[in-house]
Amino acid sequence: MSIVALATEGSTYEPPGVPDFWQPLIGEGAFAITRASIVIILSVALISWLLLAGTKRMAVVPNRKQAATEVTYGLVRDGVGRDIIGSKEFLRFVPMLFTLFCLIIVNNVFSVVPFIQFPTMSRVAFPAALAVFVFVVYHWIGIRKHGFFGYWKSLVPPGLPVALIPYIFILELITDLFTRPVTLALRLFGNMFAGHLLLVLFIGGGEYMIQHGALGIKIAGIGSLGMGFVMTVFEILVQVLQAYIFTLLTAIYIAGALADEH
């Protein structure tokens, strides 16, 4: 999104809104190649290059690229996979968790990288696609382990009074089939969308006030730019946290599907 354009177009300031997140570059409509499409392709290329560069010449004393790769991989493998899923089953899910974490964090941080400045996950289709993928994975592995009927039967905790079983089953079914995937996607989408909107509002609005306002307005504009800087630092923290939360919840859902008492 061009902040300068927002601040300088005409004498009437137009605050950023939802249309600013739809930026088709080639074509129109549902099949247009958008800015978000280009950014996510760029992120995949960047992640691939970083991982190849970090693992090309492995050494006992790692260089910076190898150290960064090992720290990130160790965080996902031990801090998420092993701790949440358990040491018996976690290893086969580490590639998926590591891929999700890297893809989300790079695309989130892209929103504050100069010349890119677009959070891919602010387009709801991207977090929704990731959530659907996670949804299919944790149900599939649960059904494979417990059998189709055994998996759904295990939604109800043992020992419940017979009269409560239908109500608990329906509640758990709604949670597993609807609440989990929807909240997984909307949490990531909402944070990236709202965060980027605030950044554009503070920075674009501040620039506009400095360029077009009277003295008092210009001073307020400087304050707005200061808030933009503070919000940028805060937004980086949110971007990292959201990548971690998405990966962590994925591991929790997988662990729940594999648990005997699911």
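Trainee: In this predicted model, is Phe98 buried or exposed?
Mentor: The relative accessible area of Phe98 is 11%. A residue under 20% counts as buried. Phe98 is therefore classed as buried.

Trainee: How many aromatic pairs does the structure hold, and what is the geometry of the one formed by Tyr73 and Phe98?
Mentor: A search of the whole structure finds seven aromatic pairs.

Trainee: Which helices does the pair of Tyr73 and Phe98 tie together?
Mentor: Tyr73 belongs to residues 64-85 and Phe98 to residues 94-109, so the pair ties together parts that are 25 residues apart in sequence. As for cover, Tyr73 is partly exposed at 31% relative accessibility. The helices are α3, for Tyr73, and α4, for Phe98.

Trainee: Phe135 and Tyr138 form an aromatic pair as well; which of the two is buried?
Mentor: The pair of Phe135 and Tyr138 is edge-to-face, at 6.1 Å centre to centre and 80 degrees between the planes. Both residues lie in helix α5 (residues 125-146), three residues apart, about one turn of the helix. Phe135 has a relative accessible area of 22% and is partly exposed. At 2% relative accessibility, the buried residue is Tyr138.

Trainee: What end-to-end distances do residues 124-143 and residues 184-203 have between their C-alpha atoms?
Mentor: An unreviewed UniProt entry lists both spans under "transmembrane region". Residues 124-143 are 95% helix and 0% strand, whereas residues 184-203 are 100% helix and 0% strand. The end C-alpha atoms lie 28 Å apart for residues 124-143 and, for residues 184-203, 29 Å apart.

Trainee: Which residues form one aromatic cluster?
Mentor: The cluster draws on Phe, Tyr and Trp residues. Rings are paired if their centres lie within 6.5 Å. The members of the cluster are Phe148, Phe149, Tyr151 and Trp152.

Definitions and conventions:
Residues numbered from 1 in each chain as written. Predicted model: local features only at pLDDT ≥ 70, side-chain atom pairs only at ≥ 80, totals over all residues. Heavy atoms only, no water. UniProt positions renumbered as here; feature names shortened; annotations may be inferred. Helix = DSSP H or I, 4+ residues; strand = E, 2+ residues; numbered from the N terminus. Phe/Tyr/Trp six-rings, centres within 6.5 Å; stacked < 30°, edge-to-face > 60°. Buried < 20%, exposed > 50% of the residue type's maximum accessible area, 1.4 Å probe, protein only.
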